[in-house]
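Hi,

Here is the structure I promised to pass on. Have a look at it first, and then read my notes below with the viewer open.

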Amino acid sequence: MNTDAYVKPDDPFLDDDILNQTDDVGSQKNIIHIRIQQRNGRKTLTTLQGLGKEYDFKKILKAFKKEFACNGTLVDDEELGQVIQLQGDQRVKILNFLVEEGVDRATVKLHGF
């Protein structure tokens, strides 16, 4: 048996230390997420997270509530920071509002069914 004919394949995990890289390749820190959650029956909840700390969340929430004619609240989350919650499916309205106010469309990700 010839052992030279068998070539051991390279292990892709030994070549580069992918897990301990310090640069933010593929990071989603600057992405704004708009999600919808099903409550009970036909009731839904729209959440907005990932806005920068330079924005005044209370003023944005007040503008959303007035513009969309819905109720909403601010929720403080340990991992996600401040999250805006609105009643109903307001995803497209929030997206259009943010784009009209100068937020780059590429930084907004729309989730949901």
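What follows is a walk through what I found, from the overall layout down to single residues.

One thing to keep in mind throughout: this is a predicted model.

**Overall layout**

The chain contains 3 helices and 5 strands. If you trace it along the sequence, you get the pattern α-β-β-α-β-β-α-β. Of its 113 residues, 26% are buried. Contacts across the sequence are worth a mention too: taking those between residues at least 6 apart, 48% join residues at least 24 apart.

The 5 strands form an open sheet in the order 3-4-2-1-5, and the pairing is mixed. Strand 3 and strand 5 (108–110) sit at the edges, each pairing on one side only. On average, neighbouring strands in this sheet are turned by 25 degrees against each other, if you ignore direction.

Strand 3 (residues 72–77) and strand 4 (residues 81–87) run antiparallel and are joined by 6 bridges. A hairpin of 3 residues connects strand 3 to strand 4.

Strand 5 pairs with strand 1 (residues 32–38) in the parallel sense, over 3 bridges. Here His33 stands opposite Lys109 in strand 5.

**Helices on the sheet**

Which strands does helix 2 lie across? Those are strand 2, strand 3 and strand 4, and helix 2 runs at about 10 degrees to strand 4. Helix 3 lies across strand 1, strand 2, strand 4 and strand 5, and its angle to strand 1 is about 165 degrees.

Nonpolar side chains tend to be buried together in soluble globular proteins. In this model, the largest nonpolar core has 18 residues, and the ones with the most contacts inside it are Leu48, Phe64, Ile84, Leu86 and Ile94. Strand 1, helix 2, strand 4 and helix 3 are the elements that give two or more residues to this core. Helix 2 gives the most, with 5 residues.

Leaving aside residues up to four places away in sequence, Ile84 touches Thr46, Thr47, Leu48, Leu51, Phe57, Ile60, Leu61, Phe64, Thr73 and Leu74.

**The phenylalanines**

I also looked at aromatic rings, and there are 3 aromatic pairs. One of them is Phe64 with Phe68: the ring centres are 5.3 Å apart and the planes are at 20 degrees, which is under the 30-degree limit, so this pair counts as stacked. Why are Phe64 and Phe68 separated by about one helical turn? Because they are 4 residues apart in helix 2 (residues 57–68). Phe64 and Phe68 are both buried.

Phe68 also pairs with Phe97, with ring centres 6.3 Å apart and planes at 80 degrees, so this pair is edge-to-face. That pair links distant parts of the chain, as Phe68 is in helix 2 and Phe97 is in helix 3 (residues 91–100), 29 residues apart. Like Phe68, Phe97 is buried. Through these ring pairs, Phe64, Phe68 and Phe97 are linked into a cluster.

**Two residues to look at**

Thr44 lies in strand 2 (residues 44–49). Is Thr44 buried or exposed? Its relative accessible area is 12%, below the 20% cut-off, so Thr44 is buried. A polar atom of the Thr44 side chain lies 3.3 Å from the backbone nitrogen of Asp89. Not counting residues up to four places away in sequence, Thr44 touches Ile36, Gln37, Gln38, Arg39, Leu86, Gln87, Gly88 and Asp89.

Ala69 is in the loop between helix 2 and strand 3. Most residues other than glycine have a negative phi. Ala69, however, has a positive phi, near 55 degrees. Its relative accessible area is 71%, over the 50% cut-off, so Ala69 is exposed.

That's the tour. Happy to go through any part of it with you.

Cheers

How values were computed
Residues numbered from 1 in each chain as written. Predicted model: local features only at pLDDT ≥ 70, side-chain atom pairs only at ≥ 80, totals over all residues. Heavy atoms only, no water. Phe/Tyr/Trp six-rings, centres within 6.5 Å; stacked < 30°, edge-to-face > 60°. Buried < 20%, exposed > 50% of the residue type's maximum accessible area, 1.4 Å probe, protein only. Pairing = 2+ DSSP bridges. Polar contact = N/O pair within 3.5 Å; in protein donor to acceptor, adjacent residues only side chain to side chain. Contact = heavy atoms within 4.5 Å. Axes fitted to C-alpha atoms, helices over the stretch in contact; angles between N-to-C directions. Core = buried A, V, L, I, M, F, W, Y, C linked by side-chain atoms within 4.5 Å.
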